[in-house]
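Q: Hello! I have a model open in my viewer and would like a guided close look at one part of it. Could you take me through it step by step?

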Amino acid sequence: MEEFSTEEAVKEAMENAEAMAEEAEADVTEASEKNTSEESSKEEKDGKKPFKKKEKKKDKRDEQIEQLTDRVTRQMAEFENFRRRTEQEKAQMFGNGAKAIIEKVLPVVDNFERGLATVEEGADPFADGMLMIYKQLLTTLEEAGVKPIEAVGKEFNPDFHNAVMHVEDEEVGENIVVEEFQKGYMYNDSVVRHSMVKVAN
């Protein structure tokens, strides 16, 4: 009886031990699976967060790049406008300065013409020298862009001519310049001095 009960107790203890081992193994497996799932979910969460952060950082960088590019483009456009404006102002200042000098030189040309008109060419060596200087002055002015305005025989144009007298002349067409009192000049495409003329009605 005792032996039988002892064997049964041992058998029962072994069965209990095996059952406990299986339960423990199941618990360990379940715990490991749980930990694995938690770690994977955590990694997924951790993985998503930095990815989002990277995206956010990338977006911020893109925005900064766009802002800087826009700023540089605007500054380049402003500089180009400033350069053009400066060139125009320089050209205008140069033109105004050249016109001012030409206006002061033209009376000298007028005096040369008046003086030479009273002397015959070849009659006086001094007058011939003055004639050469006068021609050189006209050549220099022409090279600088100064040209006389054609008047006599041309139709009156208020943009180039200043009518100080009118005359009735049937032989000449209407509104035609018949005489020039003072020669007009142009500097490039602008009038420095209008021609003083007599116009036929």
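Which pattern of α and β does the chain follow when read along the sequence? And once that is clear, which residues have the most contacts inside the largest nonpolar core?

A: Happy to. This is a predicted model, so local features need pLDDT of at least 70 and side-chain atom pairs count only at pLDDT 80 or more, while totals for chains, interfaces and linings use all residues. Residues are numbered from 1 along each chain as its sequence is written, and side-chain values use heavy atoms, with hydrogens and water left out.

Read along the sequence, the pattern is α-α-β-β-β-β-β-β, that is, 2 helices and 6 strands. Helices (H or I, at least four residues) and strands (E, at least two) are DSSP runs, numbered from the N terminus. Of the 201 residues in the chain, 15% are buried, where buried means under 20% relative accessible area, exposed over 50% and partly exposed in between, with a 1.4 Å probe and protein chains only. The chain exposes about 16,400 Å², and carbon and sulfur atoms supply 53% of that area; the areas come from the Shrake-Rupley method with a 1.4 Å probe.

Now to the core. A nonpolar core is a set of buried Ala, Val, Leu, Ile, Met, Phe, Trp, Tyr and Cys residues joined through side-chain atoms within 4.5 Å. The largest one here has 13 residues, and Ile102, Tyr134, Val146 and Tyr187 have the most contacts inside it. Three elements each supply at least two of its residues: α1 (2-117), α2 (125-143) and β4 (185-187). Helix α1 gives the largest share, with 6 residues. As background, nonpolar side chains tend to be buried together in soluble globular proteins.

Leaving out residues up to four places away in sequence, Val146 touches Ile102, Leu141, Tyr185, Met186 and Tyr187, a contact being heavy atoms within 4.5 Å. Across the chain, among contacts with a separation of 6 or more, 61% join residues 24 or more positions apart.

Rings of Phe, Tyr and Trp (its six-membered ring) pair if their centres lie within 6.5 Å; planes under 30 degrees apart count as stacked, over 60 as edge-to-face and the rest as tilted. By that rule there is 1 aromatic pair. Its rings belong to Phe112 and Tyr134, with centres 6.2 Å apart and planes at 35°, so the pair is tilted. The pair links distant parts of the chain, since Phe112 sits in helix α1 and Tyr134 in helix α2, 22 residues apart.

Next, follow β4 into its sheet. Strands β1, β4 and β5 form an open sheet of 3 strands in the order β1-β4-β5, with antiparallel pairing; two strands pair if DSSP finds at least two bridges between them. At the edges stand β1 (146-148) and β5, each with a single partner strand, so one side of each has no neighbour in the sheet. The twist averages 35° from one strand to the next, using axes fitted as lines to C-alpha atoms and angles from 0 to 180 degrees between N-to-C directions. Between β4 and β5 there are 3 bridges, and Met186 stands opposite Val191 in β5. Ser190 also belongs to β5 (residues 190-193) and is partly exposed, at 22% relative accessible area. Ser190 and Gly95 are 95 residues apart in sequence, yet their C-alpha atoms are 9.6 Å apart in space.

At 6% relative accessibility, Asp110 counts as buried. Beyond its neighbours within four places in sequence, Asp110 is in contact with Gln182 and Arg193.

Finally, there is another open sheet of 3 strands, ordered β2-β6-β3 with mixed pairing. Its edges are β2 (161-167) and β3 (176-182), each with a single partner strand, so one side of each is left without a neighbour in the sheet. Strands β2 and β6 run parallel over 6 bridges, with Ser195 in β6 as the bridge partner of His161. Strand β3 pairs with β6 (residues 195-200) in the antiparallel sense over 5 bridges, and Glu179 has Lys198 as its bridge partner in β6. Of the 6 residues of β6, 5 are buried, so this strand is largely enclosed by the rest of the structure.
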